[in-house]
Amino acid sequence: AFTELWERYSFYGLQGILSFYLLYSLADGGLEIAPAAAAGIVGAYGGSVYLAQILGAWLGDRLVTPKRMVLVGAVIIMVGHIVLAFSRDFAGLGIGLILIVLGTGALKTNITSIVGFIVEDRSQQERDVSFSYFYMAINVGAVVGPLTTGFAQNEWGFHVGFGLAAIGMAAALIQYLLSMKRLPARAGAINNPLPRRRVPLAVGVGVVGIAVVVLAATSGLLRAENLASTTTVLALVAAAAYFLTMCTSFLPLFLAAGIYFGLLFQKFTAISILITERIDLQIGGWTFPVAWITTASPLAAVLVTPLVARLWTLLGDRQPSAVTKFAIGLM
């Protein structure tokens, strides 16, 4: 939970100031990119982080142990934030974001799997409570990240904020290294190893995928303005492929959750543009840090989680099913 807290600290700490870094003028330390392009980049970045988790989950299940995937992912994310902290141009921004996307894909699903391994022999009630607190750690990071990086950006500039996210990721790495020896045996095993005869096919698919992305970018087919739309299409295709092999009863929940998160993450795109263009952030002689506005929703989750976890404990066997809980949460 603490490792994931720091990883989310770095992710949301960056998300909280990224849009403004793209939108602000050069004189204010930004890159002065058009709003449509900025929204496309931020939307594509957020979507790509979740797309990369499909690859990370597959690698952690078929080729590399989950424990090692989390370790490698943490290192890559930290390097990505360091690149952002010291780079001052658009190329550095791209390299840093790509590293963070790949690292988060490696870490995020595999650390969640490890939590599942830890609680797999416990009752449904204990598993639900455990994941509630794990999710609360995520939201603590989502609150503290923008609060601190937003303040740093407000006082000393964007790159100090990016550097704080790198320090947060270093804290996650230290926390994880100290905890690795106590992880369950399944975390250090490849649970569904890929047969050797299928390795060349997997490598070929990866090479083709990279080639397609590079070709689309160099030909002008993939541009900042359409990055978010392209990522959305890819996410839907990937989801459709997943549901071909999964129970279709979860499809309505998935679609509803997709709409919910699509609306929620507008705080990093459309709302950021609204703030930049229309909101007066001056309070006397002090400027309100723009990233602080993004902390309202995760703070609400942090405050309510202990109450929800307590409710499931009190209800015991009378508590609703996981699917019903999901539906209640959406409502």
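This is a predicted model: local features need pLDDT of at least 70, side-chain atom pairs count only at pLDDT 80 or more; totals for chains, interfaces and linings use all residues.
Residues are numbered from 1 along each chain as its sequence is written, and side-chain values use heavy atoms, with hydrogens and water left out.

View 1. Helix α7 gives the most, with three residues. Helices here are DSSP runs (H or I, at least four residues), numbered from the N terminus.

View 2. V199 counts as partly exposed because its relative accessibility is 33%. The cut-offs are under 20% relative accessible area for buried, over 50% for exposed, and in between for partly exposed (1.4 Å probe, protein chains only).

**View 3. The salt bridge between E4 and K108.** The structure holds five salt bridges. A salt bridge is a side-chain nitrogen of Lys or Arg within 4 Å of a carboxyl oxygen of Asp or Glu. The side chains of E4 and K108 meet at 2.8 Å, N to O. This pair links distant parts of the chain: E4 sits in helix α1 and K108 in helix α4 (residues 90-119), 104 residues apart. E4 is at 0% relative accessibility, so E4 counts as buried. K108 is buried too, with a relative accessible area of 10%.

View 4. R8 is found in helix α1 (residues 2-23). At 1% relative accessibility, R8 counts as buried. Leaving aside neighbours within four places in sequence, R8 is in contact (heavy atoms within 4.5 Å) with G13, Y50, T104, K108, I138, G141 and A142. R8 also forms a salt bridge with E7, the closest N and O atoms being 2.7 Å apart. Both partners, E7 and R8, are buried.

**View 5. The salt bridge between E120 and R186.** The side chains of E120 and R186 meet at 2.7 Å, N to O. E120 lies in the loop between α4 and α5 (124-156), and R186 in the loop between α6 (158-179) and α7, so the pair ties together parts that are 66 residues apart in sequence. E120 is partly exposed, with a relative accessible area of 35%. R186 is also partly exposed, at 35%. Elsewhere, salt bridges that share partners join E4, E7, R8 and K108 into one network.

**View 6. K325 in helix α12.** K325 lies in helix α12 (residues 322-330). K325 is buried because its relative accessible area is 13%. Which residues does K325 contact, leaving aside its neighbours within four places in sequence? They are D128, W312, Q319 and P320. F90 is 235 residues from K325 in sequence and 43 Å from K325 in space, C-alpha to C-alpha.

Definitions and conventions: Helices (H or I, at least four residues) and strands (E, at least two) are DSSP runs, numbered from the N terminus.
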